[in-house]
Every structure is written in structure tokens, then in C-alpha cells.
Amino acid sequence: MIEVKKLYKGFEGNPILKGVSATFHPGKTSLIIGQSGSGKTVFLKSLIGLHTPDEGAIFFNGTLSSEFTETEKQQWRQEIGMVFQGSALLDSQTVEDNVMFPLKMFTKQSDEAMLARVNFVLKRVNLENSNKKLPAELSGGMQKRVAIARAIVMNPKYLFCDEPNSGLDPQTAIVIDKLIQEITDEYNITTVINTHDMNSVMEIGEKIIFLKDGKKAWEGTSDEIFKTDNEAVVNFVYSSNLFKKVREAYLRETK
Amino acid sequence: MNYLEHIGKYFIMLGRVFKKPQRSKVFYEALLREIEDLGLKSLGIIMFISFFIGGVISLQTALNLESPFIPKSLIGFAAKRSIILEFAPTFCSIILAGKVGSYITSSIGSMRVTEQIDALEVMGINSLNYLVLPKIIATVFFYPFLISLGMFLGIFGGWVSGVLSGLFSGAEYIEGLQTDFNPFLLTYAMIKTLIFAFLIATVPSYHGYYVKGGSIAVGRASTQAVVWTTILIVIANYFLTQMLLT
């Protein structure tokens with residue numbers, strides 16, 4: 001479980017996060033939504049330790065992250081899987097090498113055992129027979145799947161995804177969403193996803209946090225987001241006619 | 001950011017670079033890759049330039065010796081001295097600063113802007129140690145060989161130019177090479193090479209690692225890296241010459 005308490009973060013005197021608190025549970029897919037510039041990425045990068053918060057606390061299974069010793073920090077890093085917006089695959093390495101990389105760095109498994117694990121996770125993300133391809137030879141959706149495979153290869157307790165659907169067609173985006181949700185259920189991972197893809201919100205949002213101007217403006221589930229009358233959420237989520245109609249239909253049905 | 005901040009940040013970076021590699025097998029694999037990328041792939045340009053510049057140095061010296069009282073063996077002597085003392089270690093290092101320096105900055109800078117470095121850090125990998133240490137070891141160990149080859153080919157180019165042009169004979173040239181040979185000059189050239197190799201690996205790495213922005217920023221950082229590496233080589237050359245030869 002991850003508990004975030006009153007997180008503040010700014011850059012060069014410009015406050016980005018203004019006291020965000022949240023709790024994320026194992027086996028659940030939590031979504032952070034909000035407009036561009038609302039602080040989603042800074043929030044996620046603060047969770048994974050790429051930014052040091054100015055104020056506030058982040059607890060991982062009850063342990064304050066800022067009080068980790070070097071050894072604990074190293075251990076904690078190995079419990080984290082991260083899928084970056086642009087996949088962030090090492091472009092000079094093949095798919096197999098990319099996925100195997102954390103295993104090579106942090107385990108003492110034999111080459112055969114590592115390869116077996118790599119093949120297992122690649123199969124899990126439906127990417128068999130791509131071992132020897134370079135990232136540049138893959139489509140955007142395939143690159144995302146390799147990034148997910150790399151993120152789960154060490155059996156992480158926490159999975160973070162920064163806009164996993166950006167740049168993908170709607171069909172591939174749904175495949176990626178479903179994959180993340182299935183993996184979260186299967187391995188009881190605490191998953192946090194940054195997105196502004198409304199399909200993701202409807203499909204996999206077991207818990208949704210809406211950030212506005214660096215503050216948490218709303219929190220709820222994908223069912224609750226249909227019913228909410230929070231103006232900021234309604235303006236953001238239902239900004240397109242399609243989603244407005246979906247909401248109206250949902251509200252009519254549930255009356 | 002002022003110069004003092006950059007200098008401080010550069011040394012802090014070096015502090016993170018010089019840590020024991022997390023996995024020696026991964027480090028050796030990276031080292032072999034860097035020897036190929038930064039060393040072996042520079043062989044061609046160094047061989048080509050050294051040979052022709054050596055030839056030009058000898059021709060220029062021969063053409064400027066007008067007095068019949070100056071022995072022609074001086075051409076070989078002058079070529080040897082200028083190639084060993086300056087051309088091979090300094091001029092070749094400046095060429096490498098351009099070729100290798102821009103490659104290092106753009107490759108690390110691209111990794112920074114595409115979040116590959118963030119990905120390494122999130123995995124718990126010391127990205128500076130993983131990316132920069134193999135480059136330093138590769139350049140510091142390989143460049144002495146590269147520069148020695150440059151010396152040999154430069155001197156050989158001088159001999160070929162004399163033989164082909166007829167301005168001096170091969171025997172006169174070799175006599176000049178053997179005159180007043182001081183082995184310390186080779187030591188001096190190698191000391192310079194090691195320091196320049198270190199600068200060629202670290203200054204561009206610094207510019208690439210801390211780049212902010214997108215592809216234009218990476219391009220700008222590459223240019224800055226080459227300029228600063230060249231400036232530092234020239235300054236270091238001056239002080240090393242004063243310290244070692246006066």
C-alpha cells in the first residue's frame with residue numbers, strides 16, 4: 001500500500017503540487033487524471049523518487065520513503081516497475097536485452113533462467129518472437145508492451161505508468177489498459193496510472209484521483225465519476241460530446 | 001548558471017561516476033561496446049589525418065629550408081618533434097573531441113530527453129556509473145594506442161612525402177628521426193593523452209547528462225560540449241607543457 005500525505009513540490013519558486021494526499025491499495029488500479037500541467041507527472045515522479053518532495057510524506061507499506069537507508073532504497077527500487085510515457089526502452093538494446101536488463105543487474109540467475117523469465121513475461125504481454133528486434137523496429141503499442149514486460153520482470157509490488165496510452169490508437173490503448181489491469185489483479189500489485197484518456201477512466205479506473213492546479217479536486221471510482229456534480233471533474237471528463245452522451249445515458253439507466 | 005556552479009556540478013558528477021560498478025559482467029559488456037564506439041571507430045579518421053598531416057609537415061619544413069648550410073636531416077628531426085610533442089597528442093585529441101565528444105553528448109542527451117536515464121534510476125541503477133565510467137575507462141586505456149598509431153603514421157607520412165616529392169631522401173629523413181632522441185618526450189605525450197582522453201569522456205558526458213529540453217537542446221549541448229572540451233584541452237596543454245617541459 002502507498003500512502004501520500006500532504007505532498008508539496010515546486011520548481012524554482014513555482015509550486016506544482018499543493019498538499020496532495022492519497023492512498024493506493026494492492027491489487028487495485030488507481031488513476032490520476034487532470035489537465036496538462038495539473039501536476040500528474042510531478043506527482044508520479046515524486047512517488048518513484050525521481051523528485052524529492054519539498055514537504056509531505058510518502059509511505060510504502062508503512063515505511064516513510066524519505067527515511068529509507070541506502071540498502072532499503074535499493075531494495076525498494078527493485079520492487080518498483082515503471083512504464084514511461086515514451087516507453088523509455090534502451091534503444092541500443094534488443095527487446096530481450098531490455099527486458100533482461102533488471103535481471104542482469106540485480107539477480108544472480110543463470111543466463112538460461114533469465115531467458116526463461118524474459119520469454120515468460122514477453123508471452124504474458126503477447127510479444128513472442130520479438131526477442132531480437134530493436135525498439136525502433138516496433139510499433140508504439142509493441143514498445144509499450146515491452147516497457148510493461150520490463151516493468152514486471154522483477155515481480156514488482158508497485159507499478160507506475162505515465163500516460164501508457166498516449167500516442168496509441170483506441171483499440172491498442174484498450175489492450176494496454178486491460179493488460180495492466182490483469183497484471184495488477186494477477187500479481188496483487190499496487191498500480192498507479194497517470195492518464196487523460198477517458199476510455200481508461202471508464203474501463204479500468206477502480207480508484208480515480210482528479211488533480212487540478214496541483215491540488216486533489218476529487219476522488220472516487222469509475223461509477224462515481226458518472227454521478228458526480230463536481231464542476232471541475234464534469235468539465236474535464238465530459239468535455240467531449242461523446243462522453244456527455246455516455247453520461248446522460250448512464251444516468252438515465254440508473255435512475 | 002554560472003561557471004562555478006558548472007564546475008561544482010561536474011565534480012559532483014565525477015563523484016557518482018567513480019563508484020564500484022553494480023554488476024561487473026554488465027560493466028565489461030558496456031566497456032567493450034565503448035571501446036568499439038569511441039576507440040575502434042575513430043581509427044580510420046586518426047590514421048587518415050595523421051598520415052597526411054605528417055606528410056604536409058615534412059613538405060612544409062623542406063620547402064622552407066632555403067639555406068644550403070642547414071642539413072636536410074633537420075626535416076626528419078622537426079617532423080618527429082612536432083608530431084610527437086603536439087600533433088599526435090593535442091591535434092588528434094581535438095579531432096577526437098569533435099568526433100567522439102559530439103557522439104557522447106548526443107547519445108547521453110537523447111537518453112535524458114527520452115527518459116531512458118530516468119528509467120535506469122527508477123530501476124535502482126547508478127546511471128552515471130553505468131553510462132560514463134565505461135566511456136572514461138575506454139578512452140583512457142585506448143587513446144594512448146590511438147595516439148601512438150597517429151605518431152607512427154604521421155612520421156611515416158613524412159617519409160613517404162619526401163620519397164615521392166624528391167625534396168629529401170628517405171635516408172636523410174631517418175637520420176633526422178634518430179638525432180637527439182629523448183624518450184621523455186614520449187612520456188610527456190602520453191601524459192597529455194591520458195588527461196585529454198579523460199576530458200574527452202567526461203566533459204561531453206556532463207553536457208549530455210544534464211541537458212534539459214528536446215532535440216534542439218541536445219544539438220546545442222553537443223556543440224557546447226565540443227567547444228568546452230576543445231577549450232579545456234588547449235588550456236590543459238599549455239599548463240602541462242609548462243609543468244613537464246620547463
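**Domains, sheet and chain contact in the predicted model**

The C-alpha centres of domain 1 of chain A and domain 2 of chain A lie 25 Å apart. Domain 1 of chain A covers residues 2–79 + 158–253, and domain 2 of chain A covers 88–155; domain bounds come from an automatic or database domain assignment. The structure is a predicted model, in which local features need pLDDT of at least 70 and side-chain atom pairs count only at pLDDT 80 or more, while totals for chains, interfaces and linings use all residues. Residues are numbered from 1 along each chain as its sequence is written, and chains are lettered from A and ligands numbered from 1 in the order in which they are written.

The contact between the two domains takes 11 residues from domain 1 of chain A and 10 residues from domain 2 of chain A; two residues are in contact if their C-beta atoms, placed from the backbone, lie within 7 Å. On the side of domain 1 of chain A that touches domain 2 of chain A, helix H6 (residues 170–187) of chain A gives the most, with six residues. Helices (H or I, at least four residues) and strands (E, at least two) are DSSP runs, numbered from the N terminus. The residues on this side of domain 1 of chain A comprise eight nonpolar, three polar and no charged. Here Ala, Val, Leu, Ile, Met, Phe, Trp, Tyr, Cys and Pro count as nonpolar, Asp, Glu, Lys and Arg as charged, and the others, Gly among them, as polar.

Between the chains, 13 residues of chain B are in contact with 14 residues of chain A. Helix H5 (residues 116–122) of chain B contributes the most to the side of chain B that touches chain A, with five residues. That side of chain B divides into five nonpolar, four polar and four charged residues.

Chain A also holds an open sheet of four strands in the order E2-E1-E4-E5, with antiparallel pairing; two strands pair if DSSP finds at least two bridges between them. Strand E2 (14–24) and strand E5 (63–64) of chain A are the edge strands, each pairing on one side only. Strand E4 (residues 55–60) of chain A pairs with E5(A) in the antiparallel sense over two bridges. Phe59(A) stands opposite Leu64(A) in E5(A).

Val234(A) lies in helix H9 (residues 231–237) of chain A. Val234(A) is partly exposed, with 16 other C-beta atoms within 10 Å (buried means 20 or more such atoms, exposed 12 or fewer, and partly exposed in between, with C-beta atoms placed from the backbone). Not counting residues up to four places away in sequence, Val234(A) touches Thr228(A) and Asp229(A). Val234(A) and Arg247(A) are 13 residues apart in sequence and 9.8 Å apart in space, C-alpha to C-alpha.
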